[in-house]
Amino acid sequence: MKSFRKMTYPYVVWISFIVVAPMFLILLYAFTKEGNAVMDFVFTLDNFKKFFVDSVFIDVLLRSLRVALVTTVLCILIGYPAGYFIAKSSEGVKMRWVLLITFPTWINMLVRTYAWVGILQDDGIVNNILSIIGVRSITLLHTEFAVILGMVYNFLPFMILQIYTALTKMDNSLLEAAADLGADRVRSFLKVTLPLSLPGVLSGITLVFLPAVSSFFIPKLLGGGQYVMVGNLIESQFLTSGDWNFGSAISLIMVIIIMISLYLTKKVDKTELTERRAN
Amino acid sequence: MKKLIQFKNIVKNFDGTLVLKGINLDIYENEFVTLLGPSGCGKTTLLRILGGFLEPDEGSVIFDGQDISGIPPYKRDLNTVFQKYALFPHMNVFDNIAFGLNIKKEPKDIIEQKVMRMLRLVGLEDYSKRGIHEMSGGQQQRVAIARALVNEPKVLLLDEPLGALDAKLRKEMQKELKKIQQEVGITFIFVTHDQEEALTMSDKIVIMKDGEIQQIGTPVDIYNEPINRYVANFIGESNIIDGVMKDDYKVIFENKEFKCVDSGFNKNEEVDVVIRPEDLDIVTPGKGKLRGIVKSVLFKGVHYETIVETSAGTSITVKMTVSEDKPVKNEEANEMMSANDFYIDTLDIDELTDAVIIDRADAQAWNPETEERISITEVRYEVKKEKGSYPVTFSTSAGTSFTVNMFVSDVNKVVDEDYGEEIYAVNFFKKVDEIQESVILDTDLKVWANAYAYDLEDETSVAITDVIYDFDPQNITPGVYDVTFKTQGYVYKVDTTEKSEAGQAVGLMFDPEDIHIMRK
Amino acid sequence: MKKSRRIGSKIFMGVLMLFFYAPIIYTIFFSFNSGRSLTHFDGFSLQWYGKMFSDSNMLQAVFYTIVIAVIATAVSTIVGTITAIGLSKSHRILKLIVEQVNNFPLMNPDIVTAIGLLMLFSGLHASKGFVTMLLAHIMFCIPYVMLSVTPKLKSLDSNILEAAMDLGCTPMQALIKVIVPQIMPGVVSGALIAFTMSFDDFVISYFVTGNGVSNISILVYTMSKRVNPSINALSTLIIVIISVFLLLVNIVPSLYNKSKAKSAKG
């Protein structure tokens with residue numbers, strides 16, 4: 001058995017080198033500026049100051065949070081009924097729906113997102129249809145609408161699958177029990193189905209919010225070069241302006257925001273559970 | 001016979017808990033040895049140390065004259081049948097059994113011969129190409145045995161191998177395992193928590209508890225001469241009575257002196273006396289050595305299991321006053337209300353709450369048409385901490401009210417020093433229809449009388465086993481009745497082929513050699 | 001009432017499917033456009049496919065994508081499986097630590113992992129390109145393999161390894177003859193996930209590559225700045241390959257089971 005334990009050592013060395021070390025580098029760069037020749041790094045909080053003092057950066061952060069939030073809410077509003085519909089379908093049909101939902105996610109995200117560029121163009125298919133109905137053509141591409149659409153398009157399947165899984169895991173006899181105890185359809189949905197599927201919704205939220213807030217190619221492709229989110233800001237620090245310290249600080253701020261939101265959803269999950277147990 | 005395995009002072013601890021506390025045990029050739037004990041007693045740990053899956057912290061294991069501590073499992077000349085068989089699900093029956101031989105790189109034809117012989121031994125010759133999951137639990141069990149035996153080990157270790165089988169199959173496999181052991185003629189070390197299994201199959205039983213060996217012996221020795229209360233309880237069923245050894249061959253229990261065949265105890269040493277249920281006979285009351293009342297009789301197939309109580313437990317008698325009071329009706333509010341007088345201890349007055357009073361008075365209000373219950377919103381009373389009667393008025397929000405008397409009296413309790421028990425109960429008032437309508441009268445009577453019994457030493461509650469009264473609940477008339485509550489006294493379990501009736505007075509008969517004395 | 005609800009949900013699902021598949025159909029449709037436009041269909045032609053196969057940048061990107069995906073999958077499957085097995089016999093604390101560290105690349109936004117690796121490689125003065133990209137892919141693939149193998153290991157009979165050693169296997173023999181065959185389904189699905197993760201990766205590859213080495217995602221990203229219908233042709237090819245692949249993955253096992261059931265009966 002001891003010889004088996006040794007099999008983990010190479011990987012432990014590997015991850016401390018390639019996973020842990022980069023995390024430390026981000027921390028190191030975020031809190032330092034390039035020093036003089038004697039000392040390579042000098043401790044500083046300037047990078048964070050720079051971010052929070054300049055309203056341009058704050059605007060970018062708020063925009064990212066807004067877009068991610070709207071995306072998440074839309075995914076819940078569309079994903080819940082879809083997940084519910086699939087979960088209530090008959091056994092054989094269920095798997096076919098799941099396959100239909102997952103199939104697009106197997107195709108390269110960039111390829112699928114790029115397709116929307118053509119669809120949303122001023123003389124694209126959407127505006128063509130609108131003009132047939134008699135609506136004046138509207139600018140769709142390179143707007144916040146296009147960015148949110150692209151995000152919903154990319155992340156909605158995650159939400160649907162999470163909700164679907166939570167709903168199929170639910171014991172059907174619970175609904176029968178609720179009916180037996182006198183609950184009508186609406187009430188048994190509100191009192192039984194909804195609370196029990198909440199963990200699915202919450203893990204769906206993490207799966208949507210997290211990539212949405214940090215995404216940088218969706219805003220770039222669909223929002224245009226002028227539309228900047230946190231991801232684009234980090235990209236430009238590293239690949240154009242070369243200010244790694246500032247870029248690291250922005251990443252750190254983003255990770256902290258994500259960690260807080262993860263913590264909050266987990267907390268909602270836990271209090272929900274304990275409350276339910278207490279009742 | 002030759003010593004094959006010696007455990008020498010084996011100590012093992014897991015995360016700070018001692019699982020084995022210095023085990024010394026010799027196992028001989030061709031023995032069927034059973035390690036018996038409840039889960040967590042260390043029996044499986046000992047087996048795993050022998051198998052080489054665990055290292056002891058201290059001590060050594062001698063196998064065939066050689067210290068095998070430190071030798072890996074695959075170099076030990078013994079094989080194991082695991083708890084859930086641990087068959088390889090990706091191989092068929094044949095490949096599972098051939099596995100060990102293939103590892104040893106034996107020639108194909110030899111392997112085939114040996115495997116087929118094993119399949120014949122366990123009666124599965126037609127199943128060699130079956131997948132493991134196509135086999136029943138009992139068949140998988142046989143495959144596991146064959147897979148171990150085909151390697152011709154000197155010792156076969158079996159870790160609760162019958163645990164997953166149903167009762168009938170387990171019995172069959174017990175016989176079969178014994179037969180196989182006799183046929184192959186090697187040592188079997190069998191781990192189980194099932195005493196019946198141990199008694200049926202073993203040449204030698206090792207009883208373990210909390211990492212220590214309690215007793216080693218043949219099944220007959222252990223059954224007839226258990227070394228202590230633990231062993232006596234674990235092996236078979238037994239009546240264990242507190243006694244005092246007056247002299248050699250003389251023991252006192254239940255305040256009487258009896259002859260016995262045990263000697264070598266100190267004078268007046270306190271002992272445990274064991275009498276097995278099948279060694280007791282039921283005779284007419286005058287003729288037995290003990291007298292008692294039959295409490296219950298259970299039919300067990302071959303015999304009747306009769307419980308005889310030789311001395312009563314602690315009891316208390318209270319008065320139940322039965323009346324025909326009618327509920328009051330409030331026509332305006334369309335409400336009915338009822339309640340009854342009740343007694344309460346002076347000691348309980350400090351802890352009196354409205355809920356307790358409503359409960360004790362059994363106060364209820366309801367709508368006569370729908371039978372729906374209505375909450376009692378107000379309880380009015382004044383009480384002093386001295387004996388006397390105090391009026392209590394219950395009312396609902398609609399104004400319906402009912403007044404009863406609360407009688408405060410001294411604590412009514414009986415203390416029995418012999419048993420170390422204390423029993424409480426209070427007098428109570430009831431209405432005819434309440435008694436007639438009760439579907440669980442014994443339980444209701446306990447609740448109404450607030451009857452409780454406690455152990456004097458540790459203040460834990462003791463079950464009240466009997467509720468005795470001599471009225472007919474269905475045809476009860478107003479009046480005052482006695483109700484007695486009783487705890488369990490000394491009881492004996494007796495196995496007989498004749499049926500007794502519950503409530504019958506009987507005598508219990510036994511011979512001096514039926515008594516076995518154990519040190520406390 | 002009930003019927004109208006059912007029709008309502010059917011329409012809803014229909015619109016949803018249109019939303020999911022419109023871009024895919026659109027891409028396939030315009031890959032056959034004879035013109036350059038992404039909005040006007042000028043007539044059927046295969047010219048963009050021809051352009052694709054003569055575009056050395058594109059062919060190179062496809063080549064790198066496949067080579068990196070294959071190597072990363074092979075390495076991460078082997079390392080991930082071995083580590084998962086070792087971990088299953090290791091101390092609780094080590095298990096917990098590795099699990100936590102594995103969670104970094106899974107839970108962190110890709111861009112954070114990407115810049116971390118970028119700084120690491122630069123700090124080591126490694127020249128960015130094929131090797132750095134490959135190392136990065138191996139890094140994020142292994143946790144997926146482990147996630148897929150570990151549950152299989154947990155569901156094994158706890159005594160199975162001991163049984164093999166009891167019957168004379170050395171630990172290594174037990175591993176190869178008993179453990180690996182039983183966790184194979186988990187290993188295969190882990191490899192599949194690793195392959196698609198590597199094949200589709202954009203963010204991490206984009207940051208750690210250099211010297212002209214790019215994969216399909218990076219190519220699409222850089223080309224999208226000006227209209228290039230060859231992307232549609234390439235996308236269509238990928239869609240077709242993945243469709244065929246998924247069809248095989250989903251149909252072959254059920255066919256296999258059917259024939260197995262038949263042979264068992266016969």
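This is a predicted model: local features need pLDDT of at least 70, side-chain atom pairs count only at pLDDT 80 or more; totals for chains, interfaces and linings use all residues.
**Chain C on its own**
- The C-alpha trace of chain C spans about 75 × 65 × 40 Å along its principal axes.
- There are 11 helices and zero strands in chain C.
- Of the 266 residues in chain C, 44% are buried.
- Take the chain C contacts between residues at least 6 apart in sequence: 78% of them join residues at least 24 apart.

**Where chain C meets chain A**
- On the chain C side, 58 residues are in contact with 58 residues of chain A.
- Several helices of chain C each supply at least two residues to that side, including helix 3 (56–88), helix 8 (171–200) and helix 11 (230–265).
- Helix 1 of chain C gives the largest share, with 13 residues.
- By type, this side of chain C splits into 42 nonpolar, 14 polar and two charged residues.

**Nonpolar cores**
- The largest nonpolar core has 222 residues, and Ile115(C) and Phe207(C) touch the most other members.
- Helix 8 (residues 144–169) of chain A brings the largest share of this core, 16 residues.
- Leaving out residues up to four places away in sequence, Phe207(C) touches Phe238(A), Ala114(C), Ile115(C), Leu117(C) and Leu118(C).
- Another core, of 32 residues, lies apart from the largest one and has Val318(B), Met336(B), Ile464(B) and Phe485(B) among its members.

How values were computed. Residues are numbered from 1 along each chain as its sequence is written. Chains are lettered from A and ligands numbered from 1 in the order in which they are written. Two residues are in contact if their C-beta atoms, placed from the backbone, lie within 7 Å. Helices (H or I, at least four residues) and strands (E, at least two) are DSSP runs, numbered from the N terminus. Ala, Val, Leu, Ile, Met, Phe, Trp, Tyr, Cys and Pro count as nonpolar, Asp, Glu, Lys and Arg as charged, and the others, Gly among them, as polar. A nonpolar core is a set of buried Ala, Val, Leu, Ile, Met, Phe, Trp, Tyr and Cys residues joined through C-beta atoms within 7 Å. A residue is buried if 20 or more other C-beta atoms lie within 10 Å of its own, exposed if 12 or fewer, and partly exposed in between; C-beta atoms are placed from the backbone.
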